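Let's take a friendly walk through a protein model. Have a look at the sequence and the structure first, and then read on.

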Amino acid sequence: MSRSSTRHRVDPAYTDPPSVSLARRAVLAGGAGLAGLGVLAACGSPTSRLVRPSSPVVGAVDRARRHTGRTVTSRLVAAPGRVDLGGPVVDTWSFGSVPGPTIRARAGDRVVVDLSNGLPAPTTVHWHGIALRNDMDGVPDMTQAPVAPNTSFRYDFTVPDPGTYFFHPHVGVQLDRGLYGVLVVDDPVEPGAYDQEWVVVLDDWVDGTGRTPDQVLASLRAATGSGMSGMGMGMGGGGMGGESMTSPLLGGAGDVAYPHYLVNGRVPAAPVTLTGRPGERVRVRLVNAASDTAFRVAVGGHQLSLTHADGFPVVPVSGDAVLLGMGERVDLLLTLGDGAFPLVASAEGKQGQGMAVVRTATGPAPTPTGRLAELDGRVLTVADLAPAASAAMPTRGVDRTHDLVLGGSMGGMGGGMGGSSDGYVWTINGRTFDRQRPLDVRRGERVRLRLKNATMMFHPMHVHGHTFAVVDGNGRPGVRKDTVIVAPMRTVTVDLDATNPGQWMTHCHNAYHGEAGMMTTLSYRT
């Protein structure tokens with residue numbers, strides 16, 4: 001546990017709009033702009049110094065990385081607009097489409113992205129899974145000032161590792177709108193061994209269907225604040241109230257019942273289609289960009305060969321389906337059969353599914369209803385994965401250990417232990433982000449994080465700026481990831497090497513849990 005004893009509190013005179021996150025509220029207690037760095041610094045010993053996001057050491061680490069000499073440029077315009085989901089037409093915020101544009105680079109490339117904010121609220125872009133320089137990480141008032149309406153910001157960083165990544169805001173629950181896209185980083189030495197590639201993005205959707213994500217969050221808070229339990233009953237949801245949200249794999253499987261589940265921005269009645277030939281090998285880059293929903297994914301009539309997890313190669317393993325929490329990504333290889341087949345993303349523990357189509361022959365399209373037999377076959381999870389030799393983290397002694405107890409309260413009725421009894425609150429070590437005790441680390445250390453879930457809800461835990469190794473049953477570093485599901489009343493232990501100085505958000509990637517407090521900081525000091 002952190003040795004810090006200073007408690008962070010919000011200035012009681014400050015009132016924030018619902019679209020601005022706890023991250024912003026926490027640091028504004030210390031002043032404007034990047035004052036959050038001063039708040040965090042107060043938590044260290046008098047002889048330690050915070051490694052700030054724009055410090056010389058951060059820049060030196062970035063400059064020391066392998067560079068190709070190439071620069072990839074892109075422009076993102078975040079703005080309100082109307083989007084057709086394949087029948088339902090919704091008003092939302094997006095980067096012009098849902099999903100937004102795919103950005104493609106090679107490992108070692110410099111990526112320069114200009115963000116223009118046409119929204120009525122501040123925003124940022126977080127580059128999920130990328131071990132980039134800290135001042136480009138997109139956390140408002142921790143690594144950068146939020147990008148105000150009608151202003152711009154340039155993201156400029158080197159992508160060190162190949163893989164499948166995505167980008168999204170880190171302000172409030174903006175992730176639960178249409179503000180996301182995929183960043184693919186190619187490996188110039190990878191042999192390939194596939195005929196085509198398919199980027200598949202999964203999402204749960206409520207915006208523009210009568211409620212906004214901010215209104216959903218307000219409903220969750222109101223329901224639990226009145227003593228009613230939101231967990232597992234669809235409180236704050238999008239039109240399917242009373243839905244019981246539990247899963248044999250995950251326990252409590254979410255707080256929000258959604259009216260739509262999307263694959264590449266389309267509802268099942270109007271699916272996107274991959275066209276190929278029988279026998280072709282397709283690399284599927286699968287991204288769960290949802291805010292409150294895990295998905296169980298299968299392709300009718302096909303086995304899945306899982307080759308990468310969160311960007312890093314694994315020993316290939318075959319199964320009938322794969323379970324993907326929010327923020328997780330996997331790469332799959334499919335050998336295409338002859339016909340038309342559904343790719344189904346079943347909302348785990350909820351009612352509903354997303355669908356796309358794989359077609360290699362003429363004939364009727366698959367129906368958007370019904371349950372695939374493959375979904376109830378062998379379901380691949382992190383427990384089935386082992387790192388490829390090139391991705392294995394070397395075994396070494398652990399220099400520092402932090403326990404992260406994941407707690408929460410749903411009005412005192414079902415959130416579990418380790419949190420407040422008042423309202424919709426989720427915590428790490430009994431504290432919401434505005435009262436956090438940061439996790440101190442120093443550069444060069446092997447750091448162990450013990451993620452202990454003391455609630456009856458699953459939490460996909462994500463560490464910014466790093467990958468970690470999930471420690472296996474023998475205490476050795478296993479599969480490399482940056483986001484991992486922690487099931488109810490279970491502990492997942494991960495090891496990371498502290499090689500990327502700065503201040504790094506560590507949080508639950510359920511957007512509503514994070515906004516309700518389940519966030520802390522991995523804080524480098526010298």
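## Ground rules

Helices (H or I, at least four residues) and strands (E, at least two) are DSSP runs, numbered from the N terminus. This is a predicted model, in which local features need pLDDT of at least 70, side-chain atom pairs count only at pLDDT 80 or more, and totals for chains, interfaces and linings use all residues. Residues are numbered from 1 along each chain as its sequence is written, and side-chain values use heavy atoms, leaving out hydrogens and water.

## A threonine in a strand

Find strand β32, residues 503–508: Thr 506 is part of it. Thr 506 counts as buried because its relative accessibility is 1% (buried means under 20% relative accessible area, exposed over 50%, partly exposed in between, with a 1.4 Å probe and protein chains only).

Which residues is Thr 506 in contact with, leaving aside its neighbours within four places in sequence? They are Leu 404, Ile 428, His 462, Val 463, Met 519, Thr 520 and Leu 522, where contact means heavy atoms within 4.5 Å.

Now turn to helix α3, residues 56–64, whose buried residues are Val 58, Gly 59, Val 61 and Asp 62. These lie on the same side of α3 because they cover an arc of only 160° around the axis, taken from the directions from the helix axis to the C-beta atoms. An α-helix has 3.6 residues a turn, so residues three or four places apart point the same way.

The face turned away from the buried side of α3 carries the exposed residues Pro 56, Arg 63 and Ala 64. Strand β6 (152–158) is included in what covers the buried residues.

## An open sheet

Six strands form an open sheet with mixed pairing, in the order β13-β21-β20-β15-β18-β22. Its edge strands, β13 (273–275) and β22 (379–380), each pair on one side only; two strands pair if DSSP finds at least two bridges between them.

Within this sheet, strands β20 (residues 340–347) and β21 (residues 353–359) run antiparallel, joined by 7 bridges. Ala 340, for instance, has Arg 359 in β21 as its bridge partner.
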